[in-house]
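I'd like to walk you through a protein chain, one region at a time. Please have a look at the picture first.

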Amino acid sequence: WRGWEGAPYSTLVPSDEVTINYRHGLPVITLMLPTRSERCQFTVKPVVTTVGAFLQDVQREDKGIQRAEVFAADGSKVSDATLMEILLMNDFKLVINDTAYSVSPPVKDKLSSEHATEMEDVKSLVHRLFVALHLEDHQIRKERELLQKLDHLKGELLPLEQMKARITDSADAKTSRLLWVGLALMSTQGGALAWLTWWVYSWDIMEPVTYFITYGSAMAFYAYFVLTKQDYIYPHAKDRQFLHYFYRKSRKQRFNVERYNKLKDDLAETEESLRRLRQPLHLRLPIQEISDKD
C-alpha cells in the first residue's frame, strides 16, 4: 500500500482499531500504541485542541512513534493547525509510523439553531473573560519591555548626543565667523568706493565701476541658484553653510549621522508607543496600575 504524497505504508488497519466515543460531551479517542502494545485513551477538547496538539500527545505517550500524521478521506494532508472539531466531522486516516488507521467518527446529533446560537454566545463570553483577565498583565509586561528599550536607546544616544553637541558648537562658530567676515568685506568695499569717489576720483569715473560691481553680484547670486537650485536667502544660505561645516566635522571625528538619526527615530517611535500604551481610556486599564518610570 502506498499512501498519500508517495509515503509507503506497510498495512492499512480497519477502523475498529481506532475508536471514538463521546463522554460528557467530549470525544475520547482510543488507539493501540505500537511500541507499548497497549490501548490508550486520549480525551480532546475539540473547540481548542488542534490536530498538531493531539499528535504530540500521542507521541509523548509512546516514544517509539517516529511519524504521526492525519490525512483526509480524499488523500490530502490535514494541517496541524486544524481544530479537532473540524477533523471529527468527517472520516479520516491516522498514520502512525508505517500503519494507516481508517477512522470513522460517530455522527453527533446536530444542535438546534437555538442551541448553536447559545454555544456561540458562550464561546464569545469565554473569549471576552479571557481578554479581560489577561489584558492588564500583558499591557504591563509590554510597558516594561518598552521602558527597557527606551533606557537602552538613551544609553546608546548619550555619547552620540555629546559628540553632536561639540560638532554643532564648532559648526555654528565657523558659520558665525563667516557671516562676520562677509559683513566686514561689505563694509570695506563700501568704504573703498566712498574713498575713491570723493577723495581720489569723481563720480563720473566711479559710476561704471559700481555698475559692474552690482552686475557681478547679480551674476554671483544667479550662479548660487544654478548650483543649489535655491534662491539666495540669507537664513537658508546660513543653514546650508552650517550643514556643510557640520558634515565635514562629522567625517573628521567619525560621527555616524545615519546611525544617530536611526536611533532618534527609534526613540521617538518607542516614546509614542509608550504614550499610547499609557492611555487607560483606550486600553481599559486602571490609571493607578501603570506608574511613571521615566
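Let's start with a single side chain: R60 is partly exposed, because its relative accessible area is 48%. Before I go on, please keep in mind that this is a predicted model. So what does R60 meet in a salt bridge? The partner is D57, and the N to O distance is 2.1 Å. D57 is partly exposed too, with a relative accessible area of 29%. Both residues sit in helix α1, which covers residues 51-61, and being 3 residues apart they are separated by about one helical turn.

How many salt bridges does the count come to? The answer is 6. Let me show you two others. E69 forms one with R67, and their closest N and O atoms are 2.7 Å apart. Here E69 counts as buried, at 17% relative accessibility, while R67 is partly exposed at 23%. Then there is D266, which forms a salt bridge with K262, with 2.8 Å between the closest N and O atoms. These two lie in helix α6, residues 257-277, and are 4 residues apart, about one turn of the helix. D266 counts as buried at 17% relative accessibility, whereas K262 is partly exposed at 48%.

Now let's step back to the whole chain. It has 7 helices and 7 strands. If you read along the sequence, the pattern goes β-β-β-β-α-β-α-β-β-α-α-α-α-α. Of the 294 residues in the protein chain, 27% are buried.

Next, the strands. Please find β2, β3 and β4, which make an open sheet of 3 strands in that order, with antiparallel pairing. Which strands stand at the edges? They are β2, residues 19-23, and β4, residues 38-43; each has a single partner strand, so one side of each is left without a neighbour in the sheet. Neighbouring strands of this sheet are turned by 30 degrees against each other on average, ignoring direction. Between β3, residues 26-33, and β4 there are 6 bridges. As an example to look up, I29 has F42 in β4 as its bridge partner.

Is β6 largely enclosed or largely open? Of its 5 residues, 5 are buried, so the rest of the structure largely encloses this strand. As a general point, side chains in a regular strand alternate between the two faces of the sheet. In β6, F92, L94 and I96 point one way, K93 and V95 point the other way, and all of them are buried.

Who are the partners of β6? Strand β5, residues 68-72, pairs with β6 in the antiparallel sense over 5 bridges, and V70 stands opposite L94. Strand β7, residues 99-103, also pairs with β6 in the antiparallel sense, over 5 bridges. There, K93 has S102 as its bridge partner. The hairpin of β6 and β7 has 2 residues between the strands, and in that hairpin N97 takes a positive phi near 55 degrees.

On to the aromatic rings. The count comes to 7 aromatic pairs. In one of them, the rings of Y222 and F225 have their centres 6.5 Å apart and their planes at 40 degrees, so this pair is tilted. Both residues lie in helix α4, residues 203-228, and are 3 residues apart, about one turn of the helix. Y222 is exposed, with a relative accessible area of 57%, and F225 is partly exposed, at 36%.

The rings of F255 and Y260 make another tilted pair, with centres 5.6 Å apart and planes at 50 degrees. Are these two residues buried or exposed? F255 counts as buried at 6% relative accessibility, and Y260 is buried at 7%. They also belong to one aromatic cluster, together with F242, F246 and Y247.

My last stop is on the surface. W195, W198, W199, V200, Y201 and I205 form a nonpolar patch there, with about 780 Å² of accessible area together. Which helix gives the largest share of the patch? That is helix α3, residues 113-200, with 4 residues.

Note on methods:
Residues numbered from 1 in each chain as written. Predicted model: local features only at pLDDT ≥ 70, side-chain atom pairs only at ≥ 80, totals over all residues. Heavy atoms only, no water. Patch = residues over 30% accessible without salt bridge, like charges linked within 9 Å, V, L, I, M, F, W, Y side chains within 5 Å. Areas by Shrake-Rupley, 256 points an atom, 1.4 Å probe, with all protein chains shown as cover. Salt bridge = Lys/Arg side-chain N within 4 Å of Asp/Glu carboxyl O. Phe/Tyr/Trp six-rings, centres within 6.5 Å; stacked < 30°, edge-to-face > 60°. Buried < 20%, exposed > 50% of the residue type's maximum accessible area, 1.4 Å probe, protein only. Pairing = 2+ DSSP bridges. Axes fitted to C-alpha atoms, helices over the stretch in contact; angles between N-to-C directions.
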